[in-house]
Amino acid sequence: MNKTIEDRERVVIRFAGDSGDGMQLAGSRFTDATAVLGNDLATLPNFPAEIRAPAGTLAGVSAFQIHFASRDILTPGDAPNVLVAMNPAALRANLAEIDRGATIIVNEDAFSRRNLDKAGYDSNPLEDGSLSGYRVHRIPMTTLTGRAVERIDDASTRDAGRAKNFFALGVLSWLYGRPTDVTERWIEQKFAGNATVLQSNLAAFNAGWSFGETTELLDVQYRVKPATGVPPGTYKNVNGTTALALGLIAASVRSELPLLLASYPITPASELLHELSRHAAFGVTTIQAEDEIAAAGMALGAAFGGRLGVTATSGPGMDLKAETIGLAVALELPMIVVDVQRAGPSTGMPTKTEQSDLLMALYGRHGESPLPVLAPSTPAGCFDAAFEAVQVALRYRTPVIILSDTFLASSSEPWRIPDVATLPPIDPAFTKAHRDEPFMPYARDERLARPWAVPGTPGLQHRIGGLEKADITGNISYDADNHARMTELRAAKVAGIARDVPPLAVDSQPGASLLVLGWGSSEGAIRAGVRRAREAGHTVASAHLRHINPLPANIGEVLRSFDRVLVPEMNTGQLAQLLRAKFLVDVESFSKVQGQPLFSAEIEQEIEARQ
């Protein structure tokens with residue numbers, strides 16, 4: 001049958017179902033097919049916190065959102081245009097977040113009385129008129145998948161039930177003109193060792209595509225043209241975890257230092273351990289430690305031994321690593337600490353995002369123990385943040401904290417793969433013994449960085465430990481004046497990193513009196529919100545911080561050049577509090593602590609309220 005084809009500039013789709021329905025898999029396969037077509041894209045997975053919540057309940061709903069477009073996009077989107085709901089719980093958990101008029105595609109087979117009860121429905125929303133404001137497509141996915149799979153030898157009812165996510169993927173692939181060969185090749189490679197599962201998934205996927213092509217339920221096919229103005233190069237779809245891992249590996253290669261990651265499993269930082277464990281070919285060593293304290297100690301020991309020592313965790317683990325990080329500050333050794341922030345306090349919401357570890361990263365150690373803090377702002381930007389963190393750590397002999405978060409770690413976007421040979425070399429500058437001069441472990445260079453002496457090097461023996469060191473000699477010292485001097489030197493060393501921090505860049509319009517300033521993963525929402533506000537006729541400026549300590553040297557000047565400064569954050573206003581105290585500027589805070597990323601519509605509303 002002939003169907004209408006309509007062009008769309010952009011689309012936001014959310015796949016939602018039970019955590020066993022394969023929504024993350026369907027979403028990632030749709031993403032890969034979208035990348036092949038050349039659309040710009042951004043994704044946002046959303047996982048339940050429970051390992052296996054009861055099937056069909058709200059607590060067990062898993063979702064994957066993708067925003068793709070024919071132009072540059074900055075976020076995974078606010079409200080979905082299309083919701084794919086595999087059961088009543090998925091519908092109920094996501095309905096409040098989609099706008100009236102949006103398209104809902106449901107697996108109507110799952111809307112049994114039992115499943116409706118588990119989702120908390122008194123009546124069937126497909127029958128009671130509560131969805132009248134939406135464009136609803138009821139598809140018996142379970143039944144149609146079963147029919148597609150029943151012709152396969154040895155395929156069971158369970159195989160058919162597990163393949164219905166590929167049926168849904170086939171429908172959506174047809175609806176938005178995604179190529180089928182990308183998904184078919186992936187299925188063939190992924191399930192090559194199990195012919196029955198391979199054939200079941202292929203049959204379900206092709207049945208979904210054929211259903212879209214032949215059914216009268218779907219009378220329009222949508223087309224999103226490839227994005228224009230994309231710089232040429234080889235691109236890879238990466239999430240923040242993968243980009244961070246690749247950045248650390250690249251820094252290891254360019255510094256010629258073996259990389260050692262010691263980590264204790266914790267959501268959502270565990271994925272960095274998993275990712276780096278796949279790269280032993282690059283000399284990467286990964287250790288799953290017995291606890292967070294041990295992991296930090298192993299990373300610091302690796303740094304002492306002349307390796308690139310890294311440890312990664314999330315908020316609760318940062319609490320436990322604090323003493324060892326303080327030791328690294330006192331020893332003045334290069335170490336990388338990755339904090340993938342999540343909603344707290346305590347266990348909090350392990351799979352939800354937040355930016356509430358900022359003040360802990362800056363001040364969450366006893367004594368005066370300053371260290372550099374970097375905050376990547378995009379998934380692809382995690383590569384650059386990791387590489388820069390290693391540069392800073394080695395150049396200044398200091399631990400460095402990278403503040404990622406759940407949103408950055410799990411979201412993905414196209415990343416232009418750099419040529420490693422074009423990345424700047426990183427010189428570890430290990431100390432060499434001088435025959436006629438005794439080794440002074442706390443003598444300093446022009447950056448106030450002390451020597452890095454590899455243990456076992458003749459002539460470089462020195463005392464190590466957590467007690468205060470005497471200036472230059474490194475001997476244990478309880479002298480009051482020496483302690484004050486060492487405190488000042490460590491602070492001055494970190495403050496001096498500002499020489500290497502580029503000035504804060506401001507995207508402003510003539511006459512703008514309002515500056516929207518963000519940090520970390522809020523960049524996309526802020527830029528998109530500012531873009532929308534400008535299109536609505538408002539005059540506004542924006543800027544974004546990636547260096548939290550030290551701050552760019554010109555930030556005070558920037559803050560004072562605007563009548564009003566708005567700082568949106570996924571916390572209760574931690575950066576705003578810091579800026580008010582440091583620069584005596586009446587910074588206004590917009591806080592969000594719902595376990596969700598900031599949305600561009602929220603930023604636009606905050607701007608409009610101040611115009």
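Lys 321 and Glu 292 form a salt bridge, with their closest N and O atoms 3.0 Å apart; the term covers a side-chain nitrogen of Lys or Arg within 4 Å of a carboxyl oxygen of Asp or Glu. This pair links distant parts of the chain, 29 residues apart: Lys 321 sits in helix 12 (residues 315-331) and Glu 292 in helix 11 (residues 292-304). Helices here are DSSP runs (H or I, at least four residues) and strands are E runs of at least two, numbered from the N terminus. Both Lys 321 and Glu 292 are buried, meaning under 20% relative accessible area, with exposed over 50% and partly exposed in between (1.4 Å probe, protein chains only).

A word on the model: it is predicted, so local features need pLDDT of at least 70 and side-chain atom pairs count only at pLDDT 80 or more, while totals for chains, interfaces and linings use all residues. Residues are numbered from 1 along each chain as its sequence is written, and side-chain values use heavy atoms, leaving out hydrogens and water.

The count comes to 28 salt bridges. Here are some to look up:

| Pair | N to O distance |
|---|---|
| Arg 29 and Asp 32 | 2.8 Å |
| Lys 321 and Glu 292 | 3.0 Å |
| Glu 602 and Lys 592 | 3.1 Å |

Arg 29 and Asp 32 both belong to helix 1 (residues 23-37), 3 residues apart, about one turn of the helix. Arg 29 counts as buried because its relative accessibility is 10%, whereas Asp 32, at 25%, counts as partly exposed. Glu 602 and Lys 592 are both buried. Finally, salt bridges link Arg 564, Glu 588, Glu 606 and Arg 610 in a network.
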